[in-house]
Amino acid sequence: MPKKPAKRKKDNFYTKDELETFLNGARDAGMMKYTLFRLLAFSGMRIGELIALEWSDVDFVSQSVSSFHK
């Protein structure tokens with residue numbers, strides 16, 4: 001019996017314009033939400049990784065975030 005063709009998955013990302021519109025809306029919703037979504041969008045982190053971050057993971061001098069624990 002022939003198989004049904006696989007359904008094509010819809011792209012799971014925003015265009016540059018869509019991301020800009022979304023982040024502007026997040027900024028209007030509050031700085032914490034804006035910061036969370038901006039970090040997700042530009043870092044490549046997943047939500048679980050972001051939620052697990054601690055203040056010790058943030059380096060303000062080098063302007064970096066790292067979840068690598070020594």
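Trainee: Why are α1 and α2 called roughly antiparallel to each other?

Mentor: This is a predicted model. In it, helix α1 (residues 16-29) and helix α2 (residues 31-43) pack at an angle of about 155°. Angles over 145 degrees count as roughly antiparallel, and α1 and α2 therefore receive that description.

Trainee: What else is needed to describe two packed helices?

Mentor: The angle between the axes is given together with the distance between the axes. For α1 and α2, the axes lie 7 Å apart.

Trainee: Which residues of α1 and α2 meet?

Mentor: From α1 come L19, F22, L23, A26, R27 and A29, and these meet K33, Y34, F37, R38, A41 and F42 of α2. By class, this contact has 9 nonpolar and 3 charged residues, with no polar ones.

Trainee: How many aromatic pairs does the structure hold?

Mentor: There are 3 aromatic pairs.

Trainee: Why is the pair of Y14 and F22 called tilted?

Mentor: The ring centres of Y14 and F22 are 5.6 Å apart, and their planes stand at 40°. Stacked pairs need planes under 30 degrees apart and edge-to-face pairs over 60, so the Y14 and F22 pair, at 40°, is tilted.

Trainee: Are Y14 and F22 buried, exposed or partly exposed, and what values decide this?

Mentor: Partly exposed lies between the 20% limit for buried and the 50% limit for exposed. Y14 is partly exposed because its relative accessibility is 47%, and F22 is partly exposed because its value is 31%.

Trainee: What makes the pair of W55 and F60 stacked?

Mentor: The planes of W55 and F60 are 25° apart, with 6.3 Å centre to centre. An angle under 30 degrees counts as stacked. W55 is exposed, because its relative accessible area of 71% is over 50%. F60, at 62%, is likewise exposed.

Trainee: Which residues do ring pairs link into a cluster?

Mentor: The cluster consists of Y14, F22 and F37.

Trainee: How do you know that T35 is partly exposed?

Mentor: T35, found in helix α2, has a relative accessible area of 42%. That value falls between 20% and 50%, so T35 counts as partly exposed. Its C-alpha atom is separated by 9.1 Å from that of L23, 12 residues apart along the chain.

Note on methods:
Residues are numbered from 1 along each chain as its sequence is written. This is a predicted model: local features need pLDDT of at least 70, side-chain atom pairs count only at pLDDT 80 or more; totals for chains, interfaces and linings use all residues. Side-chain values use heavy atoms; hydrogens and water are left out. Rings of Phe, Tyr and Trp (its six-membered ring) pair if their centres lie within 6.5 Å; planes under 30 degrees apart count as stacked, over 60 as edge-to-face and the rest as tilted. Buried means under 20% relative accessible area, exposed over 50%, partly exposed in between (1.4 Å probe, protein chains only). Axes are lines fitted to C-alpha atoms, for helices over the stretch in contact, and angles run from 0 to 180 degrees between N-to-C directions. Helices (H or I, at least four residues) and strands (E, at least two) are DSSP runs, numbered from the N terminus. Angles under 35 degrees count as roughly parallel, over 145 as roughly antiparallel, 65 to 115 as roughly perpendicular and the rest as oblique. Contact means heavy atoms within 4.5 Å. Ala, Val, Leu, Ile, Met, Phe, Trp, Tyr, Cys and Pro count as nonpolar, Asp, Glu, Lys and Arg as charged, and the others, Gly among them, as polar.
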